[in-house]
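I opened this entry to look up aromatic pairs, the nonpolar cores and backbone angles. The notes follow the order in which I looked.

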Amino acid sequence: MSSQYKRKIKVVTIKQSFYELFSENHEIMRIMGQEAKDRPCLILLKMKYKGNLHTFAIPFRSNIGNAPSNTYFPLPKRAKTKDRRKHGLHYSKMFPITEKYMLAYHMGGDFRKNL
């Protein structure tokens with residue numbers, strides 16, 4: 001397999017300084033969620049556009065409501081998942097991010113057991 005097709009999966013959390021960039025934009029904070037600041041995100045999507053590589057973070061969410069099934073990747077329910085809600089990677093909540101706003105997410109404990 002050539003290096004072009006190697007996959008690297010990264011789980012991160014986003015620095016508070018990223019969310020502060022949008023503190024005046026209530027629509028973006030509503031879409032991303034005020035509670036998102038400690039949420040792990042999977043860096044899954046990298047796209048090349050006009051010669052530049054762009055990275056997108058896709059958040060793990062524990063309580064996805066009535067979202068269409070093609071807007072998230074379902075995962076097993078967690079302890080925090082409420083009845084009639086779903087847990088998964090929510091594509092419609094993804095956002096562009098750069099390395100300077102990423103922190104390593106240390107998986108263990110609750111995250112590993114319940115993901």
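This is a predicted model: local features need pLDDT of at least 70, side-chain atom pairs count only at pLDDT 80 or more; totals for chains, interfaces and linings use all residues.

**Aromatic pairs**

I counted 2 aromatic pairs. In one of them, the ring centres of Phe18 and Phe95 are 5.4 Å apart and the planes meet at 25°, so I noted the pair as stacked. The cut-off behind that word is an angle under 30 degrees. Phe18 sits in helix α1 (residues 16-20) and Phe95 in strand β6 (residues 95-97). The two are 77 residues apart, and the pair thus links distant parts of the chain. I then found that Phe18, Phe95 and Tyr101 form one aromatic cluster.

I listed the contacts of Tyr101, leaving out residues up to four places away in sequence. Tyr101 touches Thr13, Ile14, Lys15, Ser17, Phe18 and Leu21.

**Strand β1**

I turned to strand β1 (residues 10-14), where 4 of the 5 residues are buried. β1 pairs with strand β7 (residues 102-104) in the antiparallel sense, over 3 bridges. Opposite Ile14 I found Met102 of β7.

**Nonpolar cores**

Which residues make up the largest nonpolar core? I noted 11 residues: Val12, Ile14, Phe18, Tyr19, Cys41, Ile43, Ala57, Phe95, Ile97, Tyr101 and Met102. At least two residues of this core come from each of β1, α1, β2 (41-49) and β6. Another core lies apart from it and has 5 residues, including Val11, Leu42, Ile58 and Phe60. As background, I wrote down that nonpolar side chains in soluble globular proteins tend to be buried together.

**Positive phi**

Last, I looked up backbone angles. Most residues other than glycine have a negative phi. Lys50 is not a glycine, yet has a positive phi of about 50°. I placed Lys50 in the loop between β2 and β3 (52-64).

Where is Arg84 found? I found Arg84 in the loop between β4 (72-75) and β5 (86-90). Arg84 has a positive phi of about 60°, again without being a glycine. With 78% relative accessibility, Arg84 is exposed; the cut-off for that word is over 50%.

Conventions. Residues are numbered from 1 along each chain as its sequence is written. Side-chain values use heavy atoms; hydrogens and water are left out. Rings of Phe, Tyr and Trp (its six-membered ring) pair if their centres lie within 6.5 Å; planes under 30 degrees apart count as stacked, over 60 as edge-to-face and the rest as tilted. Buried means under 20% relative accessible area, exposed over 50%, partly exposed in between (1.4 Å probe, protein chains only). Two strands pair if DSSP finds at least two bridges between them. A nonpolar core is a set of buried Ala, Val, Leu, Ile, Met, Phe, Trp, Tyr and Cys residues joined through side-chain atoms within 4.5 Å. Contact means heavy atoms within 4.5 Å.
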